[in-house]
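Subject: Structure for you to look at

Dear colleague,

I am passing on the structure that we talked about, and my notes on it follow below. Please open it alongside this message, so that you can follow the notes as you read.

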Number of protein chains: 2
Amino acid sequence: MMTPRPTLEGVAARAGVSRATVSRVVNGGSGVRQPLIERVRKAVEELGYVPNQAARSLVTQRTGAVAVIIAEPEFRVFSDPFFERHVRGISRELSANDLQLVLLWVEGESDHDRIARYLSGGHVDGALAFSLHSDDRLAQLIAHSRVPYVFGGRPAAFSSLGTPYVDCDNRGGARAAVSHLVSAGRSRIAHIAGPSDQTSAVDRAAGYHDVLVEADPELLQKGDFTEESGARSMAALLDRCPGLDAVFAANDLMARGALRTLLERGLRIPDDVAVVGFDDMGDVASGAVPALTTVRQDIEGMGRLMVRLLMRRLDHPEQAGADSVITPTVLVQRQSS
Amino acid sequence: MMTPRPTLEGVAARAGVSRATVSRVVNGGSGVRQPLIERVRKAVEELGYVPNQAARSLVTQRTGAVAVIIAEPEFRVFSDPFFERHVRGISRELSANDLQLVLLWVEGESDHDRIARYLSGGHVDGALAFSLHSDDRLAQLIAHSRVPYVFGGRPAAFSSLGTPYVDCDNRGGARAAVSHLVSAGRSRIAHIAGPSDQTSAVDRAAGYHDVLVEADPELLQKGDFTEESGARSMAALLDRCPGLDAVFAANDLMARGALRTLLERGLRIPDDVAVVGFDDMGDVASGAVPALTTVRQDIEGMGRLMVRLLMRRLDHPEQAGADSVITPTVLVQRQSS
């Protein structure tokens, strides 16, 4: 038996108001008195009426919008060039597919549930999330929201669950950097690592160890990806191992900090100590003095790939598996090595 | 007569599938074969079934999310400190009200319709929009979307329609800046204006003319709010009016550019030429050499006010009128005047 679908007219008749009034209430417009609003809402609920847009959305199951979630507070979102480049690639690719980007970020853990509600609320077709940390509950909430998603950067806890992600070849890039230093005759190669709750830092350190299997633990120092931590780590390394002749820093900002400390101590670069970074973003590496040898990753391209992966999951949900993409990295040689 | 509301069970029975399958399809989850998905969707449509979240949203008419729309392309959103501060105030105030901020920006005119669709699609409870230009169709689309909204900055075309907005007292601030120069005995006061399609620039120029009713038109030069345009405008003014003894620039970036040109020409600041800017954002004015006298506006506070104004419109739609807020500005005296 075919139940007739409730119409705007039906709601108007039931509520005893005009069609225009129902339309205004249902579309959230103002200018309707509260008692009338309540009568209309009651009729809407009793009849199970679905306004056009929602009805369309139920049929196509598409909103035309994709959430981009950055698991960092607002001040970092706007100050770190990494996010800008990542978002730029995503924005362009979504725009080319006539999808609306809606950007969300996370001020603190209290935002997690609200973001999960928004994702589950049917307001977006999919989600792209990055800068997730390994102790981050957000990754789980996103994975359980039933919205198709792709992560930027290899997720830590989810690697075994077939979580789709896009990352660059952090480990291979680090191997190339350290091999380059070995080929240049360096024998005491230090590593300034990033924070161990980020897989990019973990994978770059793994690449260092792939080449230097028996590396002296004294040659390892952990930073936090800031320039300041690079300067401090370099000082600690020099105090501990004055004979070191090269350093591979897990990102360019830390490598710049290391350059500063080396120059302050009167060491010549690369004659006394060669330096290699990672990222090659903007002019951080190319504008350093001396210009930094580094490992280039295509951050904007990774953003575009995240969108393409998500589109595939949207268009072919039945094929969605553990399809992740690792993009290649390239060693860029400059004066510092 | 009470029509029974269609249920999940009803949809399952009609489609001939399990309750769990309907739930998966309706919630956009994967793992259901395409023919089944189509049967469920057909049943959903025929019965006019509304899933819980959508039903709740129809009753409360709330999604818990607010759109923040910046009418600028991504690269400006991420590079101009004005947006960061504005968004920071908005983000904190929304978060305090347990509302989810979703940020949208505009790469080009082709994005306008998509943003209007998103706003009309019931995905947000309200919208906050800023950096709208006077020739911008987006302002009209937002106003017609039936979603409650508040603009940041006085809109040009809409001023007569009672559009709600938050702005600082651009005209009063400019009057204070120019009066200060007059009090200090300056008699040939130039003005470097901003682009005339932005009301902030128009209002600041109006404040200049309020004080200097008969200002020599030769003392006026138009810039585009960039430091470079300030430097160029200052050069043009000096070539035209070598006797000028003060300049009021419509923002601090242009004032910095003016400082640069004045110093390059060997003029003493403030002895030969006094300089006043507008904004006092970050260290643009305070970090200039010499430090810039300027008009301070509370950008973060304006963001918070936009949220409060929107909340009032959401909670009391029947009272919503042309309630706009103009926040005060303060003259901050430093070495340049």
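How much accessible surface does chain A have, and what percentage of it belongs to carbon and sulfur atoms? Please keep in mind that this is a predicted model. The accessible surface of chain A comes to about 13,900 Å², and carbon and sulfur atoms account for 49% of it. Chain A has 337 residues, of which 57% are buried, and its secondary structure consists of 13 helices and 12 strands. If you take the contacts in chain A between residues at least 6 apart in sequence, 71% of them join residues at least 24 apart.

Leaving aside residues up to four places away in sequence, H180(B) touches V276(B), T293(B), L331(B), Q333(B) and S337(B).

I also looked at a pair of helices in chain B. Two packed helices are described by the angle between their axes and the distance between the axes. The axes of helix 11 (residues 227-240) and helix 12 (residues 252-264) of chain B come within 6 Å and cross at roughly 50 degrees, and these two helices are therefore oblique to each other. Their crossing is right-handed. Among the residues making the contact are M234(B) and L238(B) of helix 11 and R256(B) and L262(B) of helix 12, and the residues of this contact divide into eight nonpolar, four polar and four charged.

Best wishes

Terms used:
Residues are numbered from 1 along each chain as its sequence is written. Chains are lettered from A and ligands numbered from 1 in the order in which they are written. This is a predicted model: local features need pLDDT of at least 70, side-chain atom pairs count only at pLDDT 80 or more; totals for chains, interfaces and linings use all residues. Side-chain values use heavy atoms; hydrogens and water are left out. Helices (H or I, at least four residues) and strands (E, at least two) are DSSP runs, numbered from the N terminus. Buried means under 20% relative accessible area, exposed over 50%, partly exposed in between (1.4 Å probe, protein chains only). Contact means heavy atoms within 4.5 Å. Accessible areas come from the Shrake-Rupley method with a 1.4 Å probe; for residues, only the protein chains shown count as cover. Axes are lines fitted to C-alpha atoms, for helices over the stretch in contact, and angles run from 0 to 180 degrees between N-to-C directions. Angles under 35 degrees count as roughly parallel, over 145 as roughly antiparallel, 65 to 115 as roughly perpendicular and the rest as oblique. A crossing is left-handed if the near helix is turned anticlockwise from the far one by less than a right angle, and right-handed if clockwise. Ala, Val, Leu, Ile, Met, Phe, Trp, Tyr, Cys and Pro count as nonpolar, Asp, Glu, Lys and Arg as charged, and the others, Gly among them, as polar.
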